[in-house]
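I opened the model to go through its salt bridges, one set of paired strands and a surface patch. My notes follow.

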Amino acid sequence: MKGLADKPSYIIELLEGGVTLEDVIDGHICEQALVEKSAFVVGDLGALMRQHACWQSVVPQLQPYYPVKSNSSPAVIQVLASLGLGFVCTNKAEMNLVLEHGVPPENIILSGVCKQLAHIKHAAKNNIQHLVCENEAELSKISRLHPSAKLLLQLTTEAHAAETSMAFGCSLKSCRHLLEAARELGVQVVGVTFHIPSSCQDLQQAYTHALSDARCVFDMGVDLGFNMNTLDIGGGFTGSEFQLKQVESAVRPLLDAYFPPLSGVQVLAQPGSFYVASAFNLAVNVIGKKVVTRHWDSLPQGENNEDTEFLYYMNEGVYGPFSRKLLGNSITAPSVHKHVLCAEETVYPSSLWGPSLDQLDQVVERCLLPELSVGDWLLFSNMGVCGLEESTCLSSSPQLPIYYTVSTSDWYEMQEAGVALDSAMKDFAMVQYSA
Ligand SMILES: *Cc1c(COP(=O)(O)O)cnc(C)c1O
């Protein structure tokens, strides 16, 4: 354990004998009730390890490369690095973060469609060889600044195009072009990457197209004399074991057909949400309330012709930890702290808003909740994936405290699973928590 002078960047609370995550949340709510009732986040590091165990049991053939953009909290990076994951970075700050955690440069990929020159140079300087590339402008930048790079060509997928309504990645035809240009410039191409988001409706079809396209690009690459040895099937894993198995059953037969183990191709994936989503809970405070009553004159006499709806304002919104909402993701309704709903209790249609009084700052459009009071706490689960903007990321929102926890049993298992005690503990100041 480090001394006081050498303060760790974060503190982990070790939950001993029967202390639960709920107890920890209760404890912090009590603390917050005495001060400003700030929102806060509780991270369960044991969840990262449990997700890793699930990954290894369902898809042992896929090497996980964690996209740092999903959640760049130092504790998350530390645990995932000591579990031996690779990392996908999109900029210099992310590369530095994972390098500082001792991740070898060969386990890092620099991704991103248009990379800043300085970031390409930074990758070259730090011996990060694997770069994603999808267009000729990018290729010529890379050939100038990082001539020894090993490129993964970003292949477009229909599912991705449909979701973002923006062409992302290159088509089969432009891949041939890019491969030829790379050969002209003397830059190595070693494989293909694509991404199918979890919102994709027809997984089977999406993976079938993407993997047969990838096979075509491999064949073209081999024709042109490249050593094609890396396939990256991207992210799109929600975090549930069920969905992981669904993806596995869509992907495995295709991999067996197009990229059998004997082909020597290393297959990677980029699970972001899978690792972090369930590991973080957010507690927010209700700071305002409005009642809207609607009368329905058309209903017959005697029937309940009034509808009561509540609008609640919370101390965090879409310009903070709920930024995912602005990107079109829906936020699951929260639970009410210390409230066990009983059968006869009346629930009301409710909407939940952030504090900005902005029309866009609606966090949950409609959910059914018992009547709340100002000062009540709401708990949102599955809050581990940050928004895209750095400033709203959990780790860099200075006003939002994050409390990390791990149960003793998870901690022992983590050590057994290979979370190297020596390297991991040196940053961890363990606090024993008694409720
Ligand atoms: C965000 C992102 C991921 C991670 O996606 P998840 O669905 O969270 O696993 C993977 N690959 C790319 C290209 C991404 O942009």
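I began with the rule: a salt bridge is a side-chain nitrogen of Lys or Arg within 4 Å of a carboxyl oxygen of Asp or Glu. By this rule I get 10 salt bridges. I note that this is a predicted model, where local features need pLDDT of at least 70, side-chain atom pairs count only at pLDDT 80 or more, and totals for chains, interfaces and linings use all residues. Residues are numbered from 1 along each chain as its sequence is written, and side-chain values use heavy atoms, with hydrogens and water left out.

**Salt bridges**

I looked up R50 first. Its side chain meets that of D44 in a salt bridge, 3.0 Å from N to O. For exposure I use these classes: buried is under 20% relative accessible area, exposed is over 50%, and partly exposed is in between (1.4 Å probe, protein chains only). R50 is partly exposed at 39%. D44 is buried, with 14% relative accessibility. I then found that D44, R50 and D410 are linked in a salt-bridge network.

Next I took K245. It forms a salt bridge with E241, and the closest N and O atoms are 3.2 Å apart. Why are K245 and E241 separated by about one helical turn? Because they are 4 residues apart in helix 10 (residues 241–258). I take helices (H or I, at least four residues) and strands (E, at least two) as DSSP runs, numbered from the N terminus. K245 is partly exposed at 44% relative accessibility. E241 is partly exposed too, at 39%.

The side chains of E371 and K289 also meet in a salt bridge, at 2.7 Å from N to O. E371 lies in the loop between strand 15 (362–369) and strand 16 (377–380), and K289 in strand 11 (residues 280–295), so the pair ties together parts that are 82 residues apart in sequence. E371 comes out partly exposed at 43% relative accessibility. K289 is partly exposed, with a relative accessible area of 31%.

**Strand 3 and its partners**

I moved on to strand 3 (residues 63–67). Of its 5 residues, 4 are buried. For pairing I require that DSSP finds at least two bridges between two strands. Strand 3 pairs in the parallel sense with strand 10 (residues 266–269), over 2 bridges. Here Q63 stands opposite L268 of strand 10. Strand 3 also runs parallel to strand 4 (residues 86–89), joined to it by 3 bridges. P67 has V88 in strand 4 as its bridge partner. From strand 3 the chain passes through helix 3 (residues 74–82) to strand 4, in a right-handed β-α-β crossover. Right-handed means that, with the strands pointing away from the viewer, the path from the first strand over the helix to the second runs clockwise.

**H52**

Is H52 buried or exposed? It counts as buried, at 6% relative accessibility. I place H52 in helix 2 (residues 45–58). Leaving out residues up to four places away in sequence, H52 touches P64, L83, L85 and Y275. Contact here means heavy atoms within 4.5 Å.

**Y319**

Y319 sits in the loop between strand 12 (306–314) and strand 13 (335–336). Y319 is partly exposed, with a relative accessible area of 44%.
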